[in-house]
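Thanks for coming, everyone. I would like to walk through one structure today, so please look at the sequence and the model as I put them up.

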Amino acid sequence: MKNAFKFMAASALLATVASALAQDSAALPRIEAEVRKVDTASQKITLKHAEIPNIDMGAMTMVFRVRDPALLRQVNPGDRVTVTVDRVEGALTVMSMEAAKP
Ligand SMILES: [Cu+2]
């Protein structure tokens, strides 16, 4: 019983830390990308992205999850955007997205 309580307390703490980290997209490097495909139904986006140093990834075209599905309503294929990307529960996730400055 005591151990179960400790486990629950530790899990709650980890969840708090994880959500604090996930929400802190301001600290993440801003990455230039071009939208290739928007999949609203499955909340995914295909981006041709520049290097992403915080997850040690080179430039490529790939599919990402999005933190907030509302992000998908702002963009269309062909748009140039600036994104922040992080790993959330093991999945590469777009944390923020805005139109690239011309
Ligand atoms: Cu990639």
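Met62 is buried, with a relative accessible area of 15%, where buried means under 20%, exposed over 50% and partly exposed in between, taken with a 1.4 Å probe on the protein chains only. Please keep in mind that this is a predicted model, in which local features need pLDDT of at least 70 and side-chain atom pairs count only at pLDDT 80 or more, while totals for chains, interfaces and linings use all residues. Residues are numbered from 1 along each chain as its sequence is written, and side-chain values use heavy atoms, with hydrogens and water left out.

Which residues coordinate the copper ion? They are His49 through NE2, and Met57, Met60 and Met62 through SD, at 2.0 to 2.7 Å; donors here are N, O and S atoms within 2.8 Å of the metal, or 3.2 Å for Na, K and Ca, and since water is not among the atoms, sites may look incomplete. Along the chain, the donors follow the spacing H-x7-M-x2-M-x1-M. The angles subtended by the four donor atoms run from 101 to 119°, so the arrangement is tetrahedral, a term used for four donors if all angles lie between 85 and 135 degrees.

His49 touches, among others, Met57, Met60, Met62 and Phe64, leaving aside residues up to four places away in sequence, and contact means heavy atoms within 4.5 Å.

Turning to the strands, His49 lies in strand β2, residues 44-49, strands being DSSP runs of E with at least two residues, numbered from the N terminus. β2 and β3 pair in the antiparallel sense over six bridges, and pairing requires that DSSP finds at least two bridges between two strands. Within that pairing, Lys48 stands opposite Thr61 in β3.

Strand β3, residues 60-66, is also joined by two bridges to strand β5, residues 91-99, and these two run parallel; Val66 stands opposite Val94 in β5. Finally, five strands close into a barrel in the order β1-β2-β3-β5-β4, with mixed pairing.

Notes:
Tetrahedral: all angles 85-135°; square planar, octahedral: opposite > 155°, others 65-115°. Helix = DSSP H or I, 4+ residues; strand = E, 2+ residues; numbered from the N terminus.
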